[in-house]
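Subject: Structure handover

Hello,

Here is the structure I promised to pass on. Please open it and keep it beside this note while you read.

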Amino acid sequence: MKRGLLRRPQTITGQAPTPKSLKPQKARQLIRRFHVLQKNKFSIISKLAKLENTEASLEDYKSKVLNSRTRGIYEQAYSSFKLAKSDKPIRLEELTQRDLVIELAKIDAEIDKRGGINAYQSASTQGQDSKRGGDSSKRLIEWLKEPAYLDKLDGPLNALEIGSLSASNVISTCGIFENVTRIDLNSQSPLILKQDFMERPLPKGDSEKFNLVSCSLVVNFVPSPKERGEMLHRITKFLKKPKQGSISSLFFVLPLPCIKNSRYFDEESLDKIMKHLGFERSAYYEAKKVAYWLYDWNGVVQKNGKFGKKELYPGSSRNNFCITLN
Ligand SMILES: C[S@@+](CC[C@H](N)C(=O)[O-])C[C@H]1O[C@@H](n2cnc3c(N)ncnc32)[C@H](O)[C@@H]1O
């Protein structure tokens, strides 16, 4: 392999082949870079959509934000993009429409050259490898086996795993859940449904809802604070009404810097949002890089709450992670 992150020969599609194995540090670097690219891509699409007086999503942006004049500029910048040896910072301020289109094309080209979402998922799966202490659902099952939960696990229970990378994670193999529905934006197995959770049809009744929703390292992948809040709110619509002797819970995981090193967000901000949505924290664990929560849902989503983006901790070394809710 050439030097630099995933600098591999290209395939006929122009995408780098998915790496089979990455050193842990390379995998983490790749995951981080994907998050940066994804976040900036979303900001640029929003800016371009405003300029074009339209709305656009990650699915339809090319037909919405590119016009007959800028499409050629996009294609030219896309095809001439070359992966640099070190990651280039992405600048978004004071860019003209033309510059924004060029930045968007460069981001799209970089994502493709690095192997697209397959490479991102492959790096995340390797992060899950048990030899590296991965599979966050192990923590969930440890909690569910504690006395407080044990007598609530009778009866057929089902679970929804949002952002599923493997059908053989402990959540699927522990035997607690008779049925596990696994979904992902980009399914890597016939046992995982390719589906955007935000587009998943709402349950028609309790029988289409779940005793447990697992949302591990997914919300940080969602590009904007508003959509992250919407995802958390939407999860409540998929949980069974809580009743005695059974569970209605959310297993939630975020990278630790989201609550420990953000300018706009911390553990308390998350607690406030979760309480508003009816989630009561029943377990919490902080590992070196990741934070895990188990929430029980009380079935009541409060009305009229507003949780915006406010600077809590100034400082240039902090990240911009935030979740908002209206
Ligand atoms: C970092 S991986 C985490 C995977 C795994 N849950 C874990 O804990 O290691 C994030 C996954 O979430 C998926 N994802 C992000 N947004 C999603 C959405 N709206 N609907 C379904 N899957 C989503 C991505 O495709 C990606 O595979």
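Below are notes on a helix pair and on a group of strands. Please bear in mind that this is a predicted model.

**The helix pair**

Start with α1, residues 24-51, and α4, residues 97-113. These two helices pack at an angle of about 150°. Their axes are 10 Å apart. The crossing of α1 and α4 is left-handed.

Which residues meet there? From α1 come Leu 37, Asn 40, Lys 41, Ile 44, Lys 47, Leu 48 and Leu 51. From α4 come Gln 97, Leu 100, Val 101, Glu 103, Leu 104, Ile 107, Glu 110 and Ile 111. By class, the contact of α1 with α4 holds 9 nonpolar, 2 polar and 4 charged residues.

**The strands**

Now go to β7, residues 290-297. Is this strand mostly covered or mostly uncovered? Mostly covered: 6 of its 8 residues are buried.

β7 has pairing partners in β5 and β6. β5 spans residues 249-255 and pairs with β7 in the antiparallel sense, over 7 bridges. To find this pairing, look for Phe 251, which stands opposite Leu 294 in β7.

β6 covers residues 279-286. The pairing of β6 with β7 is also antiparallel and also runs over 7 bridges. Here Glu 280 has Asp 296 of β7 as its bridge partner. A hairpin of 3 residues links β6 to β7.

As a general point, side chains in a regular strand alternate between the two faces of the sheet. Keep that in mind as you follow the strands.

Best wishes

Note on methods
Residues numbered from 1 in each chain as written. Predicted model: local features only at pLDDT ≥ 70, side-chain atom pairs only at ≥ 80, totals over all residues. Axes fitted to C-alpha atoms, helices over the stretch in contact; angles between N-to-C directions. Helix = DSSP H or I, 4+ residues; strand = E, 2+ residues; numbered from the N terminus. Left-handed = near helix turned anticlockwise from the far one by under 90°. Contact = placed C-beta atoms within 7 Å. Nonpolar A, V, L, I, M, F, W, Y, C, P; charged D, E, K, R; others polar. Buried ≥ 20, exposed ≤ 12 C-beta atoms within 10 Å, placed from the backbone. Pairing = 2+ DSSP bridges.
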